[in-house]
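Subject: The structure, and what turned up in it

Hello,

Here is the structure I promised to pass on. Please open it beside this email and follow along.

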Amino acid sequence: MENLINLIFPQECFSCGKIGRILCVECLRKLSLSKIADKQICIVCGTYSKEGMTHEKCLKSKDNKAPRQLIYLFEYKDMVRKSVKESKYARKQFLALKYLTRWGIQECGFDFGYYTGFALVPVPISKKKMRRRGFNQARIIAREAAPLLGLKLNATCVTREKDTRAQYTKSRTERFKSLEGAFSVEGNYVRGRKILLVDDICTTGATLLEISKVLYEVGAQEVRCLCLSKAV
Ligand SMILES: [Zn+2]
Ligand SMILES: [Zn+2]
């Protein structure tokens, strides 16, 4: 599929313009992943936390319904920002997301053993958005990550009932409020299961926190998160 697309639409690398693929290997190599481990944060308070584990006190402040961990692979800037942004509007651009996902997982040096036994669940978009866009970025990333992590994908157990818009204009509290009831989950599947939520970008963490809450409420055993990028 990838080769076919590359053949039909000869691509220029986003970053350097070289003809070949949309994100060339030379440019991927330039993405330094060596320091990413030092930048991981707690999803609740946003301050540093080793391996992105949620602080005990932060978990308590969310009634133990926050994800236990958030790992992100890249900072949302430069080439990564461009890839994630543009892939929202141009279908073939999803190749860039796949390359980034593969590169990030292989090069970041994290111990993904944490995720053994987890089901990979992409953060959903609404049906309306799906119809308009034709694909869900989070799902593309999850599908690429699944074999690399040796995990099973389930893209149907969480669904998005409503879109929330213009989040940046809202305060933190309003943002959380607007997400209430936005997601529904398949209790039968989720109950007793360990879920690894996957998304393309984590900005405030509000979406992941809300889904995590809903998952715990129907009896998920554990929720963790893996994001391709984190807003900086
Ligand atoms: Zn390049
Ligand atoms: Zn914290």
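Predicted model: local features only at pLDDT ≥ 70, side-chain atom pairs only at ≥ 80, totals over all residues.

A word on helix axes comes first.

The crossing of helix 5 and helix 7 is right-handed. Which residues of helix 5 meet helix 7? They are Phe94, Leu97, Lys98, Thr101, Arg102 and Ile105. On the helix 7 side, the partners are Gln137, Ile140, Ile141, Glu144, Ala145, Leu148 and Leu149. The spacing of such positions is worth a thought. An α-helix has 3.6 residues a turn, so residues three or four places apart point the same way.

Now zoom in on strand 4. Strand 4 pairs with strand 8 in the parallel sense, over 4 bridges. Valine 121 has leucine 197 of strand 8 as its bridge partner. Strand 4 also runs parallel to strand 5 (residues 152-153), and 2 bridges join them. There, alanine 119 stands opposite lysine 152.

**The core**

Which residues touch the most other members of the largest nonpolar core? They are Ile195, Leu196, Leu197 and Val198, in a core of 56 residues. Several elements give two or more residues to this core, including strand 3 (70-76), helix 5 (94-107), strand 4 (119-122), helix 7 (137-149), strand 8 (194-202) and helix 10 (206-217). In soluble globular proteins, nonpolar side chains tend to be buried together.

Take valine 198 as a case to study. Set aside its neighbours within four places in sequence. Valine 198 is then in contact with Leu120, Val121, Pro122 and Val123, among others. Its contacts also include Ala138, Ile141, Ala142, Ala145 and Leu226.

**Helix 10**

Is helix 10 largely enclosed or largely open? Of its 12 residues, 9 are buried, so helix 10 is largely enclosed by the rest of the structure. The buried ones are Thr207, Leu208, Leu209, Glu210, Ile211, Ser212, Val214, Leu215 and Tyr216. Helix 10 reaches 17 Å from its first C-alpha to its last. That is close to the 16 Å expected at 1.5 Å a residue. Glycine 219 follows helix 10 and has a positive phi, near 100°.

**Loops and exposed spots**

Most residues other than glycine have a negative phi, and most peptide bonds are trans. Two residues are worth checking against that. Glutamate 51 is not a glycine, yet its phi is positive, near 55°. Glutamate 51 sits in the loop between helix 2 and helix 3. Glutamate 51 is exposed, with 12 other C-beta atoms within 10 Å. Aspartate 63 also has a positive phi, near 55°. Look for aspartate 63 in the loop between helix 3 and strand 3. Aspartate 63 is exposed, with 10 other C-beta atoms within 10 Å.

Serine 49 lies in the loop between helix 2 (25-30) and helix 3 (56-61). Is serine 49 buried or partly exposed? Serine 49 has 18 C-beta neighbours inside 10 Å, so it counts as partly exposed. Leaving aside neighbours within four places in sequence, serine 49 is in contact with Gln40, Ile41, Cys42, Thr54 and His55. Leucine 70 is 21 residues from serine 49 along the chain, and their C-alpha atoms are separated by 9.6 Å.

Last, go to glutamate 26 in helix 2. Glutamate 26 is exposed, with 12 other C-beta atoms within 10 Å. Glutamate 26 and glutamate 180 are 154 residues apart in sequence and 43 Å apart in space, C-alpha to C-alpha.

Best wishes

Conventions: Residues numbered from 1 in each chain as written. Chains lettered and ligands numbered in written order. Core = buried A, V, L, I, M, F, W, Y, C linked by C-beta atoms within 7 Å. Buried ≥ 20, exposed ≤ 12 C-beta atoms within 10 Å, placed from the backbone. Contact = placed C-beta atoms within 7 Å. Pairing = 2+ DSSP bridges. Expected span 1.5 Å × (residues − 1). Left-handed = near helix turned anticlockwise from the far one by under 90°.
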